[in-house]
Amino acid sequence: MAENDTHPAAPGGGEQPLEADRLRDLLLAPGYLKALVFSALIGVPVSLVAFWFLVGLHEAEHLMWADLPHGLGWDTPPWWWPLPLLTIAGVIVGLIALRLPGRGGQPPASGLHAGGASPVMLPGVLLAAAASLPLGAVLGPEAPLIALGGGLALLFRDLARVPATPKSTALLGAAGAAAAIAAIFGNPLVAAVLLMEVAGAGGPQLFAVMLPALLSSGVGALVFTGIGHWTGLETGALSLHLPMPFPRLDVGDVLWTIPLALAVAVLLHPVLAAARRVAALVSSGVVGRTVLCAAAAAACAALYALITGRSPAEVALSGQATLGQLATDPHAWGVGALVAVLLFKGTAYALCLGSLRGGLVFPALFLGAAAGVLVAPLPGLGLVPGMAAGMAAAAAATLRLPVSSVVLVSLLLGGTAMIPVVILAVVISFVTTELLPRGAAAG
């Protein structure tokens with residue numbers, strides 16, 4: 001080891017790595033322990049705001065896609081239902097992007113970002129998400145939640161007159177974002193790992209980001225769970241109800257995971273590349289092109305309903321509720337319906353990623369699960385392993401965060417039996433995505 005990489009021998013004998021001293025110095029730095037305490041404190045109000053934000057989104061979505069159609073005499077929304085809703089969403093988001101600070105947040109085609117929105121950007125972020133998600137955007141709520149949590153943390157810091165430094169901004173932004181995003185994934189571990197991996201920190205800096213994020217998300221999860229039981233309100237937290245116990249993995253499951261993960265990564269590659277091209281197109285003509293893209297996504301849902309006779313909500317919306325239905329009763333979906341939903345929802349996903357506001361995760365998980373159900377009848381491949389491998393491959397290809405993808409899908413499945421195929425699918429999908437042409441794959 002080089003001389004400048006070590007300190008003199010420690011009292012107990014041996015050399016003490018410089019890396020450990022850096023971590024100790026970081027933990028003892030003025031203000032860091034205060035930042036930890038503040039991270040725990042902000043987990044409470046951030047989780048409360050995130051709870052009511054998610055309740056509002058869930059209730060608005062139920063109103064638009066269940067209550068209103070039922071009130072007008074339809075059991076399910078008619079085929080044309082997405083057309084006016086998503087067109088309105090496009091108009092609102094386009095005007096927000098044109099008029100409000102921060103443009104309503106970044107288009108989700110650019111990927112997840114660890115930093116929260118500045119306080120002045122929060123109204124636009126919340127309004128754009130509220131216009132996009134309940135009205136049918138093929139997006140999830142995680143990106144607005146990250147912006148909301150990080151922005152609120154910085155707002156509370158300013159109100160408490162805590163000194164603003166680049167380090168405190170990064171730490172508190174990550175802590176607030178972790179507290180907010182723990183709400184939708186239903187687990188603080190997913191939120192903390194996701195935020196740490198998005199931040200891309202390493203060495204002592206990893207611990208500096210990890211501790212506030214873990215602390216804030218853990219406190220926030222406690223508050224969030226408590227208020228959920230107290231109010232009885234639903235937020236639409238992501239969950240599956242797969243048949244238990246899981247089947248035992250065999251050689252066929254493992255072997256089929258390899259081509260399935262490869263195929264999912266290759267098929268999602270042009271979807272994500274198209275989303276980035278849509279985002280570039282929309283940026284030069286915000287309102288008109290946002291409306292055009294939103295209407296095109298609505299047309300995808302309408303065509304799907306006309307062709308299959310099924311609900312257009314299976315293509316519109318994030319896919320969160322439909323994923324639960326798919327997991328509960330996969331045999332209700334024929335081969336034609338699965339192929340159609342993959343085609344139309346994939347196209348609408350690309351359009352919404354580049355034009356509206358939301359997150360990448362939920363629709364990707366649904367697309368991966370649908371691909372797994374589609375190929376599950378292959379000899380030697382089971383339904384649950386197929387869904388697990390498909391979701392893991394889709395998460396890794398979309399997020400390009402392999403550790404977060406493994407943790408998310410494993411916790412979503414609710415058991416450890418599928419972890420080998422989840423890890424295998426994530427690694428294959430991630431490596432494939434990284435080896436595809438960089439110009440189209442870069443997030």
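This is a predicted model: local features need pLDDT of at least 70, side-chain atom pairs count only at pLDDT 80 or more; totals for chains, interfaces and linings use all residues.

**Entry 1: a serine at a helix end.** I began with Ser132, whose side chain reaches the backbone nitrogen of Arg357 at 3.2 Å. Ser132 is found in helix H4, which covers residues 122–132. Is Ser132 buried or exposed? I looked up its relative accessible area and found 0%, so Ser132 counts as buried.

**Entry 2: two glycines.** Next I went to Gly140, which lies in the loop between H4 and helix H5 (142–159). Gly140 is buried too, with a relative accessible area of 0%. I then looked at Gly140 together with Pro108: they are 32 residues apart in sequence, and their C-alpha atoms are 9.7 Å apart in space.

My other glycine was Gly354, found in helix H12. Its relative accessibility is 2%, so I noted Gly354 as buried.

**Entry 3: a buried lysine.** I stayed with helix H12 (residues 335–355), where Lys345 is found. Lys345 is buried, yet it has no salt bridge. The nearest side chain of opposite charge belongs to Glu314, and it is 8.9 Å away. A salt bridge needs the nitrogen and the carboxyl oxygen within 4 Å. What does the side chain of Lys345 reach instead? I found the backbone oxygen of Val315, at 2.8 Å.

**Entry 4: the salt bridges.** Side chains of opposite charge can pair when their charged atoms come close. How many salt bridges does the structure hold? I have 2 in my notes.

One is between Arg310 and Glu314, with the closest N and O atoms 2.9 Å apart. Arg310 is partly exposed at 22% relative accessible area, whereas Glu314 is buried at 9%.

The other joins Glu434 to Arg400, and here the closest N and O atoms are again listed as 2.9 Å apart. Glu434 lies in helix H16 (residues 419–435) and Arg400 in the loop between helix H14 (383–399) and helix H15 (402–413), so this pair ties together parts that are 34 residues apart in sequence. I noted both partners as partly exposed, Glu434 at 24% and Arg400 at 21%.

Entry 5: Most residues other than glycine have a negative phi. Leu317 lies in the loop between helix H10 (286–308) and helix H11 (320–328). At 8% relative accessibility, Leu317 counts as buried.

Entry 6: I checked H16 next. Its 17 residues should span 24 Å at 1.5 Å a residue, and its end C-alpha atoms are 24 Å apart, which agrees. Which residues of H16 are buried? My list reads Val421, Val422, Ala425, Val426, Ile428, Ser429, Thr432 and Thr433.

Then I turned to helix H9 (residues 251–283), which has 33 residues. From first C-alpha to last, H9 reaches 48 Å, close to the 48 Å expected. Where does H9 bend? The bend is at Thr257, by about 30 degrees, and a proline, Pro259, follows within four residues. At the N-terminal end of H9 I found a cap: a side-chain oxygen of Asp250 lies 3.2 Å from the backbone nitrogen of Gly252.

**Entry 7: the cysteines.** How many disulfides did I count? The count comes to 0. The sulfur of Cys300 has its closest cysteine sulfur in Cys352, 8.6 Å away, which is too far for a bond. Both residues are buried, Cys300 at 10% relative accessible area and Cys352 at 0%.

Methods:
Residues are numbered from 1 along each chain as its sequence is written. Side-chain values use heavy atoms; hydrogens and water are left out. The expected span of a helix is 1.5 Å times one less than its number of residues. The bend at a residue is the angle between axes fitted to the seven residues ending there and the seven starting there. A polar contact is a pair of N or O atoms within 3.5 Å; within protein, one must be able to donate a hydrogen and the other to accept it, and residues adjacent in sequence count only if both atoms are side-chain atoms. A disulfide is a pair of cysteine sulfur atoms within 2.5 Å. Buried means under 20% relative accessible area, exposed over 50%, partly exposed in between (1.4 Å probe, protein chains only). Lys and Arg count as positive and Asp and Glu as negative; His and the chain ends are not counted.
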